Amino acid sequence: MKEWLEMSPEERLFFTVLASMGISKEEYEAMPPEEQSRITRKVQENIKERAKKGIQTQIA
C-alpha cells in the first residue's frame, strides 16, 4: 500500500490500466524491455481512448 501512495498520479493510472488488462506491476517489471515497450504503447492507447470517452461524456 505504501508503494502505491508513493507513486505519481501518472504511475497509478498506468498500473491501474495495466491491471485492467490483466497484467500485474510485478509481471510488467519482469518482462523483457521490448515487451514492456509494446505493453506501454497499449496502455497509452487505452488511456487516450478513456480520455476521449470522458471528454465526449462531459460534452454530451
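Mentor: Start with the contacts in the chain that have a separation of 6 or more: 28% of them are accounted for by residues 24 or more positions apart. Keep in mind that this is a predicted model.

Trainee: How much of the chain counts as buried?
Mentor: Of its 60 residues, 20% do. For a residue, the cut-off is under 20% relative accessible area. The accessible surface of the chain is about 4,800 Å², and carbon and sulfur atoms hold 56% of that.

Trainee: Why is Glu 3 called partly exposed?
Mentor: Its relative accessibility is 45%. Buried needs under 20%, and exposed needs over 50%. The value for Glu 3 falls in between, so the residue counts as partly exposed. Glu 3 sits in helix 1, residues 2–6.

Trainee: What makes the pairing of Glu 3 with Lys 25 a polar contact?
Mentor: Their side chains come to 2.7 Å. The limit is a pair of N or O atoms within 3.5 Å. The value passes, and the pair is listed as a polar contact.

Trainee: Which residues of helix 2 are buried?
Mentor: Phe 14, Phe 15, Val 17 and Leu 18.

Trainee: Why do we say that the buried residues of helix 2 line one face?
Mentor: Look down the helix axis: they fall within an arc of 160 degrees, so they line one face. The general rule is 3.6 residues a turn, so residues three or four places apart point the same way.

Trainee: What follows helix 2?
Mentor: Gly 22 does, with a positive phi near 85 degrees.

Trainee: Which residues make up the largest nonpolar core?
Mentor: Ten residues: Met 7, Phe 14, Phe 15, Val 17, Leu 18, Ile 23, Tyr 28, Met 31, Ile 39 and Val 43. Helix 2 and helix 4 (33–59) are the elements that give two or more residues to this core. Helix 2 supplies its largest share, four residues.

Trainee: What is Phe 15 in contact with, leaving aside neighbours within four places in sequence?
Mentor: Trp 4, Met 7, Lys 25 and Tyr 28.

How values were computed:
Residues numbered from 1 in each chain as written. Predicted model: local features only at pLDDT ≥ 70, side-chain atom pairs only at ≥ 80, totals over all residues. Heavy atoms only, no water. Buried < 20%, exposed > 50% of the residue type's maximum accessible area, 1.4 Å probe, protein only. Polar contact = N/O pair within 3.5 Å; in protein donor to acceptor, adjacent residues only side chain to side chain. Arc of directions from axis to C-beta. Contact = heavy atoms within 4.5 Å. Areas by Shrake-Rupley, 256 points an atom, 1.4 Å probe, with all protein chains shown as cover. Core = buried A, V, L, I, M, F, W, Y, C linked by side-chain atoms within 4.5 Å.
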